[in-house]
Amino acid sequence: MDWGLATILGPILLVGVIAWALLRNKKDTSAADLRHTERATEELYDRADAEDAEDARNDPLA
């Protein structure tokens, strides 16, 4: 393949693939999805805090 052709078509193809990926991965998040995510994150943080508190109680050096 001629380098001139590759130099022209390469960036065009790259921009096309990036645009396709962005459009394909773009999704609308509903209010219910956001509430679910926030609730799950809060539960995860609460579990981590409980584990940290348990570890602190069981630490013989504390």
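## Burial and overall form

A residue counts as buried when its relative accessible area is under 20%, as exposed when it is over 50%, and as partly exposed in between. With that in hand, let us look at this predicted model: of the 62 residues in the protein chain, buried residues make up 0%.

The overall dimensions are worth a look next. The radius of gyration of the protein chain is 25 Å, whereas a compact globule of 62 residues would have one near 11 Å.

## Two helices

The secondary structure is quickly told: the protein chain has two helices and zero strands. Helix α1 covers residues 3–25, and helix α2 covers residues 31–58.

N25 has its place in helix α1. With a relative accessible area of 61%, N25 is exposed, because that value is over 50%.

## A nonpolar patch

Helix α1 is also where you will find I12. Together with L5, I8 and L9, I12 makes a nonpolar surface patch of about 380 Å². I12 has a relative accessible area of 54%, so this residue counts as exposed under the over 50% cut-off.

## Charges

Turning to charge, the protein chain carries 7 positive and 13 negative side chains. The centres of these two sets lie 11 Å apart.

Nine acidic residues deserve a look in the viewer: E38, E42, E43, D46, D49, E51, D52, D55 and D59 gather in a patch of negative charge on the surface. One of them, D46, is found in helix α2. The relative accessibility of D46 is 45%, so D46 counts as partly exposed, a class that runs between 20% and 50%.

## The salt bridge

How many salt bridges does the model contain? The count comes to one salt bridge. The partners are E54 and R57, whose side chains meet at 2.8 Å, N to O.

Where do E54 and R57 sit relative to each other in helix α2? They are three residues apart in that helix, and so are separated by about one helical turn. Their accessibilities fall into two classes: E54, at 34% relative accessibility, counts as partly exposed, while R57 is exposed, with a relative accessible area of 57%.

Notes: Residues numbered from 1 in each chain as written. Predicted model: local features only at pLDDT ≥ 70, side-chain atom pairs only at ≥ 80, totals over all residues. Heavy atoms only, no water. Helix = DSSP H or I, 4+ residues; strand = E, 2+ residues; numbered from the N terminus. Rg over C-alpha atoms; globule rule 2.2 N^0.38 Å. Buried < 20%, exposed > 50% of the residue type's maximum accessible area, 1.4 Å probe, protein only. Lys, Arg positive; Asp, Glu negative; His and termini not counted. Charge placed at Lys NZ, Arg CZ, Asp CG, Glu CD. Salt bridge = Lys/Arg side-chain N within 4 Å of Asp/Glu carboxyl O. Patch = residues over 30% accessible without salt bridge, like charges linked within 9 Å, V, L, I, M, F, W, Y side chains within 5 Å. Areas by Shrake-Rupley, 256 points an atom, 1.4 Å probe, with all protein chains shown as cover.
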